[in-house]
Amino acid sequence: MIPDSHDDLEIGYCRFRLLPLIVMAAMMTLLSASIAFAWFPYRGAGDFHLVIGYAGIAFFGLATLKLTRAMFAARGPVVFVSRYGIRDLRVADEFILWDTVLNVSACESRKQKFVVLTLSPALEQRLFATRSGQEMLAANRALGVDGIAISGNGLATEFDALLRGCTAHHYAALHPSRAEPRADGVAASRLIPGFA
């Protein structure tokens, strides 16, 4: 069934889903620190291992801080799905209208699921005009994703509910006279080859 305007989704973070990610990032930070500062005797530890250790401290340390900040700072919703469009504050502050989205689909990479929004060429060019936007687009394309990937990790809803909400609102915006999407109009899931 297509959601009405009162079925708009506002999704925030779930602390219980963020906690395992924080613990994993903290453990990787400690492992990197043990390599960089030679807390344990590693055989053949040289300059290369020091560089890897320091890079791991920087990367996983920042990830730990970002996830911890998200867990305590974000009290409100971060993903908004309405009959007009979608907005993911984790990706950008931009509100994307459904009529500029060509397709809504799902993909899976390394056991992480994403809702993929394939954007119109004009919107894609405008959104990714900045250097950070171009880097995000290049990273998504390296994973085989054509458009914006919205992750369900850490959100206070199941991925399938997020996908159904996006698909239903997108369909309702493009086909306002129809009551339900046809079977061929539903987004298909796909597994990105080589990343399973």
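Which residues does Leu162 touch, not counting residues up to four places away in sequence? In this predicted model, Leu162 touches Ile11, Val79, Val81, Val115, Ile150, Gly152, Leu155 and Thr157, where a contact means heavy atoms within 4.5 Å. Residues are numbered from 1 along each chain as its sequence is written, and side-chain values use heavy atoms, with hydrogens and water left out. Because the model is predicted, local features need pLDDT of at least 70 and side-chain atom pairs count only at pLDDT 80 or more, while totals for chains, interfaces and linings use all residues.

Stepping back to the fold, the protein has 5 helices and 8 strands, arranged from the N terminus as β-α-α-β-β-β-β-β-α-α-β-α-β. Helices (H or I, at least four residues) and strands (E, at least two) are DSSP runs, numbered from the N terminus. Of the 196 residues, 36% are buried, that is, under 20% relative accessible area, with exposed meaning over 50% and partly exposed in between (1.4 Å probe, protein chains only). Among contacts with a separation of 6 or more, 64% join residues 24 or more positions apart.

Leu162 returns in the largest nonpolar core, which has 22 residues; Leu162, Val115 and Leu117 are those with the most contacts inside it. A nonpolar core is a set of buried Ala, Val, Leu, Ile, Met, Phe, Trp, Tyr and Cys residues joined through side-chain atoms within 4.5 Å. At least two residues of this core come from each of β2 (79-81), β5 (101-109), β6 (112-119), α3 (121-127), β7 (148-151) and α5 (159-174). The most, 4 residues, are given by α5. Cys107, Phe114, Val145 and Ala149 are included in a second, separate core of 5 residues.

Next comes the second largest pocket, with a volume of about 230 Å³. Its lining consists of Arg17, Leu21, Gln112, Lys113, Gly152, Asn153, Gly154, Thr157, Glu158, Phe159 and Asp160. On a 1 Å grid over the protein atoms alone, a pocket is an open set of points where a 1.4 Å probe fits, with protein on both sides within 12 Å along at least five of seven lines; lining residues have an atom within 4 Å of a point. Grid points are joined across faces, edges and corners, and the volume is the space filled by probe spheres set on the points. Two or more lining residues come from each of α1 (15-36), β6 and α5.

Finally, Asp99 sits in the loop between β4 (96-97) and β5. Asp99 is exposed, with a relative accessible area of 59%.
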